[in-house]
Amino acid sequence: MKIGIVTYVKDDNYGEELQAFAIQYYLNSIGYDAEVIDLEKRVKDLSSSKDTIIPAILNRFKLYGCKAPLYILKKIIDVYKKKRYEKSNSACRAKLHKLFVDFFERYTKHSSKYYTLDEIRVTNDLPYDTYIAGSDQIWNYMHTDFLDVFFLEFAKKFGARRISYAASISVPKIPLDLRDTYKQLASNIEFLSVRELQGAKILQEVCNMKAEIVLDPTLLLSQKDWLNSVAINPIKDGRYVLVYTLSGSRYIKQLAMDISKKLDCSKIIFIFNNETIVYENGNEQKIIIGPSEWVGLISDAEYVVTDSFHGTAFSINFNKPFTTLVNPVSNMNSRVMSILEITRLKDRIIYDDGKNRMPDSLIIDYQEVNKIMNEWRKKSIDFIKKALS
């Protein structure tokens, strides 16, 4: 059996790249011939999408009332600054992208041919008899205009088996004008699984289809698997608090500083906008890290502060004490809320609502969490074996 995996790759996102590595690594480790299809990723600009902007405005008015315009203005300024930074930092981003491409080429078994999204719709030369729609937000309509590719519609003409593993919808609901599209596309999948509780609920309500809930592929691999396969830590000495943020929240850095003082850590490592800064004794050093270094940094951190799903997932997998910062006005919290609900770690949440709280505890007893994770790993592996049998 030759398996082709359709997911996001080489887009300079740590969690995205690592989930693609993880699914092929696991499948090959249990005797299958699996590879990630080297596929173009073409995404929408969420900062200018009405599907992002309108809910964001409404949610801020619900939470902040008459103060909402101030928070909206702050968000606009943050988006503008981020875009300006990205334009002015092209050389650094090129070096970073090379690290992601190098990781993909070195560690992730993949197709010898690269396909654009348009090409894969029509090509007849794919060599697979089974296709897996991989994890990450591949079924989020806000990300792509090629939902049909990620629902494996192109694979029907080959008569191939079609499976989804831990696919993510991410958004809390599907617009009325897209419900028929989702219903039709979901019918392409013969063995259906998703990553989030909310995603399973949406597929049941919109498509009248029952989806298994399984772990993200990164959680199929043990700590030992990650350390033996890809992990590299560029920081050779000193205890540190690690911050991995997608939002660049003003509060998250202060939270990390307060925690580092309590833990007597000499360093804070701050990863935002794919830039990594090491703070120590009033000094800062910028470094560029790829996916291997990202895993290595989490594996050795004294504490992790994050607002990311994969930042949270890797913290759990490595049994790290952590805090997950949640934006109360975001419509895309289902990913992280789901894994925290499954592992009974919702007490690790701090809402980024301006109240600037500290965690109730800087310690996590992982004994019960690990039991839960082992049960979910078994459930997830059973789904894979059933789908491939």
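The legends below describe close-up views of a predicted model.

**View 1. A mixed sheet of 7 strands.**
In this view 7 strands form an open sheet, arranged in the order E11-E10-E9-E8-E12-E13-E14, and the pairing among them is mixed. At the edges lie strand E11 (283–287) and strand E14 (349–351), each of which pairs on one side only. Neighbouring strands of this sheet are turned by 20 degrees against each other on average, with direction ignored. Strand E12 (residues 303–306) pairs with strand E13 (residues 322–326) in the parallel sense over 3 bridges, and within this pairing valine 305 has threonine 323 in E13 as its bridge partner.

**View 2. Strand E8 and its two faces.**
Is strand E8 (residues 240–245) mostly covered or uncovered? The strand is mostly covered, since 6 of its 6 residues are buried. On one side stand Tyr240, Leu242 and Tyr244, on the other Val241, Val243 and Thr245, and as these residues are all buried, both faces of E8 are covered. E8 is joined to E9 by 6 bridges, and the two strands run parallel; valine 241, for example, has isoleucine 268 in E9 as its bridge partner.

**View 3. The loop that holds asparagine 273.**
Asparagine 273 is found in the loop between strand E9 (267–272) and strand E10 (275–280). Its relative accessibility is 15%, and because buried means under 20%, asparagine 273 counts as buried. Although asparagine 273 and arginine 93 are 180 residues apart along the chain, their C-alpha atoms are separated by 9.8 Å.

**View 4. A parallel sheet of 5 strands.**
Here 5 strands form an open sheet in the order E3-E2-E1-E4-E5, and the pairing is parallel. The edge strands are strand E3 (110–115) and strand E5 (161–164), and each of them pairs on one side only. From one strand to the next, the twist averages 25 degrees. Strand E4 (residues 130–133) and E5 run parallel and are joined by 4 bridges, and in this part of the sheet isoleucine 132 stands opposite isoleucine 163 in E5.

A pair of aromatic rings is described by the distance of the centres and the angle of the planes. The structure holds 18 aromatic pairs. In one of them, the rings of tyrosine 14 and tryptophan 294 have their centres 5.8 Å apart and their planes at 10 degrees, so the pair is stacked. This pair links distant parts of the chain, 280 residues apart, with tyrosine 14 in helix H1 (residues 14–29) and tryptophan 294 in helix H11 (residues 291–300). Tyrosine 14 is buried, with a relative accessible area of 0%, and tryptophan 294 is buried with a relative accessible area of 0%. How are the rings of phenylalanine 103 and tyrosine 107 placed, stacked or tilted? Their centres lie 4.9 Å apart and their planes are at 40 degrees, so the pair is tilted. Phenylalanine 103 and tyrosine 107 are 4 residues apart in helix H4 (residues 90–107), and are therefore separated by about one helical turn. Phenylalanine 103 is buried at a relative accessible area of 3%, and tyrosine 107 is buried at 19%. One aromatic cluster includes Tyr14, Trp294, Phe103 and Tyr107, together with Phe21, Tyr25, Phe100, Trp226, Tyr244, Phe314 and Phe318.

**View 5. Charged side chains over rings.**
Lysine 41 lies over the face of tyrosine 8, at 4.1 Å from the ring centre. In another such arrangement, the charged end of arginine 348 sits over the ring of phenylalanine 322, 6.0 Å from its centre.

In soluble globular proteins, nonpolar side chains tend to be buried together. The largest nonpolar core in this model has 111 residues, and those with the most contacts inside it are Trp139, Phe150, Tyr165, Trp226 and Trp294. Helix H14 (residues 366–388) gives the most to this core, with 10 residues. Apart from it lies another core, of 17 residues, among them Ile252, Cys265, Phe270 and Tyr303.

Notes: Residues numbered from 1 in each chain as written. Predicted model: local features only at pLDDT ≥ 70, side-chain atom pairs only at ≥ 80, totals over all residues. Heavy atoms only, no water. Buried < 20%, exposed > 50% of the residue type's maximum accessible area, 1.4 Å probe, protein only. Pairing = 2+ DSSP bridges. Axes fitted to C-alpha atoms, helices over the stretch in contact; angles between N-to-C directions. Phe/Tyr/Trp six-rings, centres within 6.5 Å; stacked < 30°, edge-to-face > 60°. Lys NZ or Arg CZ within 6 Å of the ring centre and 35° of its normal. Core = buried A, V, L, I, M, F, W, Y, C linked by side-chain atoms within 4.5 Å.
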